[in-house]
Structure formats: structure tokens, C-alpha cells
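Reader: I would like to learn how to read a protein model feature by feature. Could we go through one together?

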Amino acid sequence: MTRKMLTTAAATGALALALAGATPAVAAGTAATTTGTATEVCDASGLQSGLWTKLCYTATEDGVRFTGRIGLAGPPSPGSPPLRTKLVDAVLTTDIEGGQPLGTVQQSLLFRATTLEIAGYGGTVPCGSTVTATFSVSADGWYTHPISTSVVVPC
């Protein structure tokens, strides 16, 4: 698609939302999923070790919970060799601003072309606190390119 076609498609979608009376819940580049009263926000993502990684969080009035996800960077090209299973080392670290650690999860997983999820530490945190999580993935000897996000626990 050309840039003009993409711009037109985006404008058409925004117009359809406006006419329907809906308003976008999150900023561009951020994905959110609502379950019950909590909303999961995924605002950090990037390529690590040839895989797409995403860092999500759910913040409530008394705490926050982080989740790291590992998936394919895109669909395989036609005629490409079958995807092989690879050993992936994932690390999800969570800290409260000021240096107080909430915990670190380290896992070695077998990636078989389906999305993997790593549940990080979270829990009760005083409202107004800033919590930062960092997610790194390494495989096949590639260097990590950690992604991170910070969230203020709502009051």
C-alpha cells in the first residue's frame, strides 16, 4: 500500500469511529484489552533474537502485574524452510522507583512458533508509585535488546 492509501484508510477508520460515537481508548502504538475492571496495556515492543517481543501490564488501584510475550516477527515467507524449535532465555525484572525490587522471573523455554507468555512479579504497590519492568530475550547467541515500560499505580 502507498502512504496515501494508508493515510486514507486511517482517516476512514477514524471517521467511522467518530460517527459511531466511539473514542479510541489508547494512544497510537499502544494496544489495550479490557477484562472486568482491569485494562491490559501493551506499550513496549521490539525485536529480540529474531523474535517479536511485547511487554504488557495491568494496573489496578492497589498494584500492577507485568507480562512478557514472545512471538514470530511475521509470517514465514512462501517457500521458506519450516520453522525450527529454538531455546529461548527470557528475563522479566520488575522494580519500584527508588530501587526496591519486586522480583525477577528467569525462564528457559522452547519456542515452537506459537506465542509464549511470561508472567512477571507484581502485586500490591502503594498508589502513586512508579513501577518499571524490563523484558529481555536471548536465543541462538544473539545479544539482547531489552524493552521496558514504566507505569504509575493509580490512586
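Author: Let us begin with Ser-49, which is found in the loop between β2 and β3, where strands (E, at least two residues) and helices (H or I, at least four) are DSSP runs numbered from the N terminus. The model is a predicted one, in which local features need pLDDT of at least 70 and side-chain atom pairs count only at pLDDT 80 or more, while totals for chains, interfaces and linings use all residues. Residues are numbered from 1 along each chain as its sequence is written, and side-chain values use heavy atoms, with hydrogens and water left out.

Reader: What is the phi of Ser-49, and is Ser-49 buried or exposed?

Author: Ser-49 has a positive phi of about 55°, although it is not a glycine. To judge burial, one takes the relative accessible area, where buried means under 20%, exposed over 50%, and partly exposed in between (1.4 Å probe, protein chains only). Ser-49 has a relative accessible area of 2%, and therefore counts as buried. Ala-113, found in the loop between β6 and β7, also is not a glycine and has a positive phi of about 70°, but at 30% relative accessibility Ala-113 counts as partly exposed.

Reader: Which cysteines does a disulfide join?

Author: A disulfide is a pair of cysteine sulfur atoms within 2.5 Å. The structure holds one, which joins Cys-42 to Cys-56 with an S to S distance of 2.0 Å. The pair links distant parts of the chain, with Cys-42 in strand β2 (residues 38-48) and Cys-56 in strand β3 (residues 51-60), 14 residues apart. Cys-42 and Cys-56 are both buried, and their link is right-handed, with 105° about the S-S bond.

Reader: How many bridges join β3 to β4?

Author: Two strands pair if DSSP finds at least two bridges between them. Nine bridges join β3 to β4, and these strands run antiparallel; a hairpin connects them through two residues, and Lys-54 has Arg-69 in β4 as its bridge partner. β4 also pairs with strand β7 (residues 116-124) in the antiparallel sense, over seven bridges, with Val-64 opposite Gly-123 in β7.

Reader: Why is β4 described as largely enclosed by the rest of the structure?

Author: Strand β4 (residues 63-71) is described in that way because eight of its nine residues are buried.

Reader: Which strands pair with β5?

Author: β5 pairs with strand β6 (residues 100-111) in the antiparallel sense over 11 bridges, and nine bridges join β5 to strand β8 (residues 130-139), again antiparallel. Val-88 lets you follow both pairings, as this residue stands opposite Leu-109 in β6 and opposite Ala-139 in β8. β5 and β6 form a hairpin with three residues between them, and Gly-98 in the turn has a positive phi of about 105°.

Reader: Which residues touch the most other members of the largest nonpolar core?

Author: In soluble globular proteins, nonpolar side chains tend to be buried together. A nonpolar core is here a set of buried Ala, Val, Leu, Ile, Met, Phe, Trp, Tyr and Cys residues joined through side-chain atoms within 4.5 Å. The largest has 26 residues, of which Phe-66, Ile-70, Ile-118, Val-131 and Phe-135 touch the most other members. The strands β2, β3, β4, β5, β6, β7, β8 and β9 (147-152) each supply at least two residues of this core, and the largest share, five residues, comes from β8.
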